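Notebook open, structure on screen. I wanted to go through this one piece by piece and jot down what I looked up.

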Amino acid sequence: MKLTIDYHTHTVFSDGKNRAAEIAAAAKEHGLEGIAISEHGYSHLAFGIRRKKTERWLSELKKAQEEVGIRVLAGIESNIRGISGLCDLRESDYENFDVYLAGIHVATRYERLRDYKFGVSSMLRTKLGIGPSSTLVRDTTKAYIHAVERNPLDVVTHLNYLCFSDPVEVAKCCRDYGTYLEISSKKQHLSDEELAAVVATGVRFVVNSDAHTPDRVGDTRLAEEQIARVGVPLERIDNIDGRHPVFRFAEFKRHM
Ligand SMILES: [Zn+2]
Ligand SMILES: [Zn+2]
């Protein structure tokens with residue numbers, strides 16, 4: 001399996017360890033057609049990219065593209081900020097980005113007090129092996145679904161990593177809205193049984209590295225192992241073997 005474009009990498013502007021040029025050079029060396037630098041979104045409390053640094057970041061991406069000679073896309077890994085589906089980007093931010101990813105993260109500035117249960121308490125429940133309450137599953141599912149409905153998301157990242165939705169319901173919504181589900185090669189986020197059930201919905205996938213260092217750019221190993229175990233049809237993964245996904249965000253912006 002070879003990625004066409006790896007849509008999920010980080011640099012020092014969020015919690016990555018390197019600069020865009022180093023990530024781009026690794027992508028080129030790996031034979032990828034391009035790379036998206038998708039920093040953590042503005043409302044990530046620990047390592048979100050700062051809004052006022054966006055312009056400097058964009059010029060660094062542009063320079064990396066010119067110097068390295070590979071396509072460097074401006075992505076964002078937005079935070080889903082609550083049950084309402086609020087994400088980090090305002091419509092006035094859209095012009096700055098090419099690719100719109102979103103996921104649930106522990107250290108997020110959530111919209112309301114009650115939304116903080118998607119952060120630390122879900123993480124602790126995961127780490128301590130305490131299952132979720134049915135209310136927590138219902139509300140996390142709603143948060144994902146409302147985010148997909150309310151924002152032109154290209155990709156939902158690492159579904160259910162340190163949190164608890166009904167992945168089949170989220171996948172059905174992604175299928176209907178044309179949002180891709182990520183299969184991460186950084187960390188397993190769905191069990192094999194869950195992934196099999198998600199595949200049965202007909203949703204489409206992208207595989208991403210979530211690389212925070214150049215050596216992991218384009219890495220697919222962990223995802224490939226699970227894809228093989230579960231028997232995910234490779235034709236349902238749209239950023240491999242020279243294929244390109246059809247993304248919502250670009251289409252949305254064309255009609256803005
Ligand atoms: Zn993430
Ligand atoms: Zn990430």
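Predicted model: local features only at pLDDT ≥ 70, side-chain atom pairs only at ≥ 80, totals over all residues.

**Cavity.** I started with the largest cavity, and its lining is made up of Leu181, Glu182, Ile183, His189, Leu190, Leu195, Phe205 and Gln226. Strand S6 (residues 180-184) gives the largest share of that lining, 3 residues. The volume came out at about 40 Å³. I counted 1 cavity of 30 Å³ or more.

As a general reminder, nonpolar side chains tend to be buried together in soluble globular proteins.

The list is Tyr180, Leu181, Ile183, Leu195, Val198, Val199, Val232, Arg236, Ile237 and Asp238.

**Zinc, ligand 1.** Which residues hold this ion? The protein donors are Glu77 (OE), His105 (NE2) and His158 (NE2), at 2.1 to 2.2 Å. Their spacing in sequence reads E-x27-H-x52-H. Glutamate 77 sits in strand S3 (residues 71-79) and histidine 158 in the loop between strand S5 (155-156) and helix H5 (167-177), so this pair ties together parts that are 81 residues apart in sequence. I checked burial for glutamate 77 and histidine 158, and both are buried.

**Zinc, ligand 2.** Here I found His8 (NE2), His10 (NE2), Glu77 (OE) and Asp210 (OD) as donors, at 2.1 to 2.4 Å. The sequence spacing is H-x1-H-x66-E-x132-D. The angles among the 4 donor atoms run from 78 to 166°, and the site is irregular. The two zinc ions, ligand 2 and ligand 1, are 3.5 Å apart, with glutamate 77 coordinating both. Glutamate 77 is in strand S3 and aspartate 210 in the loop between strand S7 (205-208) and helix H7 (221-230), so here the pair ties together parts that are 133 residues apart in sequence. Aspartate 210 is buried, and so is glutamate 77.

**Phi check.** Histidine 158 has a positive phi of about 25°. Its relative accessible area is 1%, so I logged histidine 158 as buried. Aspartate 241 has a phi near 55°, also positive. Aspartate 241 lies in the loop between H7 and helix H8 (248-254). Buried or partly exposed, I wondered about aspartate 241? Partly exposed, with a relative accessible area of 47%.

**Threonine 11.** Last stop was the loop between strand S1 (5-9) and helix H1 (20-29), where threonine 11 lies. Its relative accessible area is 1%, which means threonine 11 is buried. Not counting residues up to four places away in sequence, threonine 11 touches Gly16, Asn18, Arg19, Ala20, Ile23, Ile37, Glu39 and Trp57. I also took a distance: the C-alpha atoms of threonine 11 and arginine 221 are separated by 21 Å, and the two residues are 210 apart along the chain.

Methods
Residues numbered from 1 in each chain as written. Chains lettered and ligands numbered in written order. Heavy atoms only, no water. Donors = N, O, S within 2.8 Å, 3.2 Å for Na, K, Ca; no water. Helix = DSSP H or I, 4+ residues; strand = E, 2+ residues; numbered from the N terminus. Buried < 20%, exposed > 50% of the residue type's maximum accessible area, 1.4 Å probe, protein only. Tetrahedral: all angles 85-135°; square planar, octahedral: opposite > 155°, others 65-115°. Contact = heavy atoms within 4.5 Å. 1 Å grid on protein atoms, 1.4 Å probe; cavity = no way out; pocket = protein on both sides within 12 Å on 5 of 7 lines; lining within 4 Å. Points joined across faces, edges and corners; volume = space filled by probe spheres on them.
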